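Work through the two exercises below with the sequence and the structure at hand, and try each task before reading its solution.

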Amino acid sequence: LDAYQKCMREQNPTEQIRLIEDFLLQYPKTELKEYAYQAATQAYQAKNDYAKVLTYGELTLAENENNLVALLILASAIPERTAKSDIDKEAKLTQAEQYAKRGLEVLAKLTMPSNLTEQQWLQTKKDAESTPHAALGLAALLRDDLAKAESELKMASEMSAKPDSVTLYRLGLCYSYEKKYDPALEAMDRAASSGGVKISGADGKARDLVAEAKDFILKAKAASETPVSGSASPSGPAPGS
């Protein structure tokens, strides 16, 4: 227990992983194996190491198929790293959906802790439930099932007390693909006010995906309002961006 608690107190993900792996080697039959695997899953998530997230997430679920942390992490991580062109896209998205739905089932069965009020507990559950709904929305977006993607992403953004900027960005993309330009712009504005979505481009310069998407939506909206015969419609950003 002392060795396990030392692992849990460590804040640096790299050092925590080293401690966890040493702990599991030293105590291979520990009853705390599930929680050690779970902590490793979270540490590798912090390091953005997708392959190890999958490995340790699945090890966690092998110990307890209803481990909520592992279910929510895997439900989100798999579609995040799935492209429309992947040969095994459908298999990966189906697996992510299974994790998301099982996560929702586990959340539905949780009982309210004694240290929370009913209102606090309801919001805590909603915040947690927004994660699998966002994952289901992204999976639907990658399948071009826009109706389902809109429903799930909208639900995820409405359930969370502080909606995630990436979820709002994807909701805006979904609206834009459906040619619902005003809701798309509203979602992008909310994404920007929540911190935006910024990445490094191929040239090393920072890219603001929300600003880029908003510019596309404004142009698409203008084109739809003043159609020009023979003009080509602009193509939007990829849903997995």
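**Exercise 1.** Decide what end-to-end span helix α3 (residues 33-46) should have, and then describe how α3 sits in this predicted model.

*Solution.* Begin with the length: at 1.5 Å a residue, the 14 residues of α3 should span 20 Å, and the C-alpha atoms at its ends do lie 20 Å apart, which agrees. Next consider burial, for which the cut-off is a relative accessible area under 20%. Ten of the 14 residues in α3 are buried, so that the helix is mostly covered; among them are Ala36, Tyr37, Ala40 and Tyr44. Then ask what covers them: the buried residues of α3 pack against α1 (2-9), α2 (13-26), α4 (50-63) and α5 (68-80). Finally, look past the helix, where α3 is followed by Asn48, a residue with a positive phi near 60°.

**Exercise 2.** Classify the ring pairs Phe23–Tyr27 and Tyr37–Tyr56, and state how exposed their residues are.

*Solution.* A search of the whole structure gives four aromatic pairs. In one of them, the ring centres of Phe23 and Tyr27 are 5.5 Å apart and the planes meet at 50°, so this pair is tilted. Phe23 counts as buried because its relative accessibility is 5%, whereas Tyr27, at 37%, is partly exposed. Turning to the other pair, Tyr37 and Tyr56 are also tilted, with 6.0 Å from centre to centre and 55° between the planes. This pair links distant parts of the chain, since Tyr37 belongs to helix α3 and Tyr56 to helix α4, 19 residues apart, and both tyrosines are buried.

Note on methods. Residues numbered from 1 in each chain as written. Predicted model: local features only at pLDDT ≥ 70, side-chain atom pairs only at ≥ 80, totals over all residues. Heavy atoms only, no water. Helix = DSSP H or I, 4+ residues; strand = E, 2+ residues; numbered from the N terminus. Expected span 1.5 Å × (residues − 1). Buried < 20%, exposed > 50% of the residue type's maximum accessible area, 1.4 Å probe, protein only. Contact = heavy atoms within 4.5 Å. Phe/Tyr/Trp six-rings, centres within 6.5 Å; stacked < 30°, edge-to-face > 60°.
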